[in-house]
Amino acid sequence: MRVYKFGGSSIGSAARIRHVAGIIGRGLSETRIVVVVSAIQKVTDMLADTAALAAKGDAAYHDRISEISALHAAICRELFGAGEADSWLEGLISELRDAASGIFLLRDLSDRSLALVLSYGERLSAWIVGRYLKQSGIAAETVDARELIVTDTNYCYAKVDAHATDRLVREKVNYSDSVPVVTGFIATATDGSVSNLGRGGSDYTASILGAALHAGEVWIWTDVDGLFSADPKRVPDARVLPDISYAEAMELSHAGAKVLHPLAVQPAMKAGIPVLIRNSFNPDAPGTRIEEAPAPESALPRPVTGLTSINRVVLLNLSGSGMAGVPGTASRLFTCLARHSINIIFISQASSEQSISLAISPGQASMARKVLEDEFSREIEARRVDPIHVRRNLAMVAVVGNKMSGHPGVSAQLFETLGKNGINVIAVAQGANEMNISLVVDSEDEDKALNCIHESFFLSRRKVHVFIAGTGTIARSLISQIRAHRTTLQEEMDLDVVVCGLANTRSMALDRQGIDLGHWHDAMKPREDSDGIAGYIRLIREMNLHNTIVVDCTASTRVAEAYPGLLQENISVATANKLGMAGPWELYRQISDARRKSNAKFLYETNVGAGLPIINTLNDLKNSGDKIICIEGVLSGTLSYIFNELRKGGRFSEIVRKAKEAGYTEPDPRDDLSGADFSRKLLILGRELGYRLEYADVECESLVPESCRGEMTPDEFLERLAAIDGWYADEIEKAGAEGMTIAFTGELKEGKAKVGLKRVPLESPVAGLNGTENLVVFTTDRYLKTPLVVKGPGAGGEVTAGGVFADILRIAGYLV
C-alpha cells in the first residue's frame with residue numbers, strides 16, 4: 001500500500017483534479033492507495049486573511065469568504081455540473097462564516113480560533129477530490145483527519161500524540177474496499193478543539209498515516225520534480241537529487257527547504273518507509289527517493305548533498321565578560337525563550353563562553369529581546385552582561401550532506417568560495433555529526449552565496465558573469481571571440497562565460513541570464529541616468545552576481561578611477577585601459593593597495609603588449625628571485641609598423657597615412673607619434689619593478705615636428721608631415737652606411753625610463769621586426785649572456801581582445 005499526498009498546486013483547478021484522479025487510477029493498478037490532500041492552492045492564505053480581517057473588525061472578511069466560496073463553486077460546477085454540490089458547499093461556507101463572525105464580534109483571534117478557520121481549506125478540498133473519484137468510477141470515501149490525529153493544545157503547531165493517533169488510524173482507515181481521501185494538516189486537540197500540524201503539515205499527515213498503516217511507500221506529489229540541490233528559483237543550475245537519506249532530508253527541511261514539511265520525515269524514518277517526492281505535473285519524472293541509505297549506484301559522490309536557506313532571520317547576541325565560567329547561563333537563555341514559545345533557528349557560541357548568538361524569525365525578535373533583557377536584567381545592570389544586540393536583514397544558509405563527516409577540506413572550500421566572492425560570514429554553526437554547516441550572511445548576499453556555494457560543490461562547469469565597459473573596436477572583437485568560443489569553453493573547459501552587461505556613454509544592456517551576443521546591438525538601450533561609469537557599477541553591485549568580472553575596454557580616466565572601489569567590493573577587473581596603472585601615482589597606489597586587500601583579481605596584461613605575455617613574464621622573473629637589469633624594445637605596434645616600412649624604402653608621411661588607413665593609429669596619428677602611449681607602457685613596467693615613477697619622469701622624444709603641433713585636422717597634419725620625409729630618408733641612409741638602421745625604442749634601466757629614436761644594428765632583433773610586431777628584451781642575472789625575448793603582434797583590436805579574453809580565463813582560474 002502507498003500513501004499519496006497531493007499539495008495545493010496539484011489540485012488547484014478542476015483540470016488539475018482530473019489529472020490527479022488519473023494519477024490515482026494508475027497507482028491503483030499497482031497497489032492500494034490512501035490519499036491525503038492539502039487545501040486548494042492559495043485557500044489557506046485566504047482563510048488566514050479572513051481571520052485577520054475579522055479580528056481587526058474589518059467587514060471585508062465577508063468578501064474574502066465570498067471569494068473562497070466562488071473559487072470552490074466554480075471547480076464544483078466544472079467537475080459535477082450546476083447545482084450538484086451547492087447545498088454541501090453552502091453548508092460548509094455557512095459554518096466558516098459563523099466562525100469568522102465570532103472572531104469579528106470578539107475582536108480577538110486566538111490560536112484556537114485560527115486553527116478552526118484554517119481547517120476549512122482541507123475539509124473543502126477533500127470532499128471535492130473524494131466526490132470526483134467516485135464520479136470517475138473509483139470507490140472513495142472522504143475521511144476527516146480530526147477523527148484520526150490527536151495532538152496537544154498548541155493549536156496552530158500542535159504536537160502529535162503518536163500512540164493515540166496510531167490506534168485511531170488503524171481503527172478508522174479502511175483502504176481495502178475504497179480509497180480514503182484524508183484531510184491533511186488538521187487534527188483534534190485533547191480538549192476536542194480543532195488543531196493543525198503547522199503550515200505545510202499535510203506532508204506530516206501523510207507520513208503519520210504511512211507509518212501507522214505500515215505503508216510500503218509515502219509519495220508526496222507536488223509541483224516540482226523532486227528535492228533539488230538548491231532552490232531552483234534562486235539557483236538556476238540546481239539539479240534534482242535522485243536519492244537522499246532521511247537525516248539529510250530532515251536537515252534540509254528544517255533549514256528552509258519548502259518542498260517538505262520539517263517533521264514529515266520522522267514517522268516514516270521510524271517505520272523505515274521510503275518517502276518519494278514526485279511532480280504531479282510531470283508524473284513520469286523519477287523524483288527524489290528518501291530512505292535510510294541511498295543505493296550505492298545512485299548515491300552522489302560529492303560530500304555536500306544540498307543547500308537551503310531561510311531568507312529572513314534576526315540575530316540576537318547575548319554577550320559579556322560575566323558569562324564566562326558561569327554555569328546555567330545557556331540554560332536560562334533557552335528556558336526563557338521556550339517559556340515564551342520563541343523558536344530558535346540557529347545557535348552559535350564562542351569557545352570563550354562570552355557570547356551566544358541566536359537566529360530567530362523577525363516576527364519574534366522584539367519579544368525575544370524584551371524577555372531576555374528582563375531575564376538578565378540584574379547582570380545587565382551590573383554590566384556583567386551587555387544589553388541584547390539585535391541585527392536584522394540577515395539570511396541563514398545551510399550546507400547539508402552525510403558525507404561531509406570525516407571529509408577534510410569541506411569547510412575550507414566553503415569559506416574560500418565565500419571569501420572570493422566578498423561574502424561576509426556573520427555567524428557559523430556546525431553540529432558534531434558534521435552533517436550541516438549553517439551560516440548567517442547579509443540578506444542581500446543570500447542569492448550570491450547560494451549560487452557560488454552550489455557552483456563550488458555541485459557543478460563541474462563554472463560560470464563567470466562578465467560586464468563590459470566600452471563598445472569600441474576592442475570590445476566588439478572581444479564579444480565576437482566570446483560568442484565564437486563559448487560552446488567550446490563549455491564542452492572542453494567546463495566554463496561558461498556569460499556576458500551580463502554592456503555599456504558605453506550613451507546606451508547600456510543588462511541581463512543577469514546573459515545577453516544574446518549575436519544581437520547585442522539590439523539589446524542596447526539609451527541610458528536613463530547621467531552617472532556614467534558610476535551608474536553602471538551601481539547596477540552591477542545591485543545585481544550582486546557571483547564570480548563577477550568587470551572588463552574595461554575604454555580609454556577613460558573615470559573608468560580607471562573606479563578600479564579601487566570595484567576591488568574593495570571583491571569584483572575582479574580585466575582591463576585594456578592603461579590609464580589606471582599608468583595614471584597618477586596616487587591612483588596606482590590605491591589600485592595596488594586594493595589588490596592586496598581584496599580577494600578579487602586585477603589583470604592588465606594587454607596594457608603593455610596587447611596579446612603578448614609581457615606583464616606575466618616580468619612578474620614570473622621577479623617573483624622567482626631573478627634580478628632585472630634592463631628592459632628594452634619596441635612597445636608600440638603603430639611605431640613598429642612605421643619604422644619597419646621605412647626600412648623598406650617608403651616615405652615617412654605616406655607610411656603614416658597608410659597606417660592610419662589600416663586602423664593602426666589613433667584617429668589623430670599625433671597621439672601615436674608623440675610617444676605618449678609607448679611611454680605609458682614603459683611607465684607600467686617601471687612601476688612593476690618597484691620604481692616610483694610618474695608619467696613626467698619618462699624621457700620621451702616626440703616624432704611630431706614643431707611645425708605640425710597645435711590645432712589642425714589629421715589631414716592637414718599629414719600634408720605638413722611630408723616636409724620631414726627627406727630627413728628620415730637621410731637618417732636611414734646614414735645608418736645603413738654603418739651597418740645599422742633606425743628604430744623607435746624604449747629602455748628601462750636603473751630606475752630611469754626613456755623612449756625615442758635610436759640606431760640599432762641590422763642584426764638586432766629590433767631590425768628584424770615585421771608589420772606591427774612588438775618586441776621586449778629582458779636582460780637579467782639569469783638571462784645575461786642571452787637575454788629573454790618576447791616577440792609578437794602588438795597592435796589591433798583582435799589581438800588586444802584576445803589578451804583580454806585570456807585575462808578573463810585567468811580570473812576564472814582556467815589559465816595560469
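Let me begin with the count of salt bridges, which comes to 44, where a salt bridge is a side-chain nitrogen of Lys or Arg within 4 Å of a carboxyl oxygen of Asp or Glu. Please keep in mind that this is a predicted model, in which local features need pLDDT of at least 70 and side-chain atom pairs count only at pLDDT 80 or more, while totals for chains, interfaces and linings use all residues. Residues are numbered from 1 along each chain as its sequence is written, and side-chain values use heavy atoms, with hydrogens and water left out.

In one of them, Glu 446 meets Arg 234, with the closest N and O atoms 2.8 Å apart. This pair links distant parts of the chain, since Glu 446 sits in helix H15 (residues 446–458) whereas Arg 234 sits in the loop between strand E8 (217–222) and strand E9 (243–245), 212 residues apart; helices (H or I, at least four residues) and strands (E, at least two) are DSSP runs, numbered from the N terminus. Glu 446 counts as buried at 2% relative accessibility, and Arg 234, at 22%, is partly exposed. Here buried means under 20% relative accessible area, exposed over 50%, and partly exposed in between, with a 1.4 Å probe and protein chains only.

The next pair is Glu 373 with Arg 369, whose closest N and O atoms are 3.6 Å apart. Both residues lie in helix H12 (residues 365–375), four residues apart, or about one turn of the helix. Glu 373 is partly exposed at 25% relative accessibility, and Arg 369 is partly exposed at 38%.

Then there is Arg 651, which forms a salt bridge with Asp 725 at 3.2 Å between the closest N and O atoms. Because Arg 651 lies in the loop between helix H24 (637–646) and helix H25 (652–661), and Asp 725 in helix H29 (residues 725–737), the pair ties together parts that are 74 residues apart in sequence. Arg 651 is partly exposed at 47% relative accessibility, while Asp 725, at 10%, is buried. Salt bridges that share partners also join Arg 2, Glu 30, Glu 217, Arg 289 and Glu 291 into one network.

What about the cysteines? The structure holds zero disulfides, a disulfide being a pair of cysteine sulfur atoms within 2.5 Å. For Cys 500, the nearest cysteine sulfur is that of Cys 452, 15 Å away, and Cys 500 is buried at 0% relative accessibility. For Cys 630, the nearest is that of Cys 700, 17 Å away, and Cys 630 is buried at 6%.
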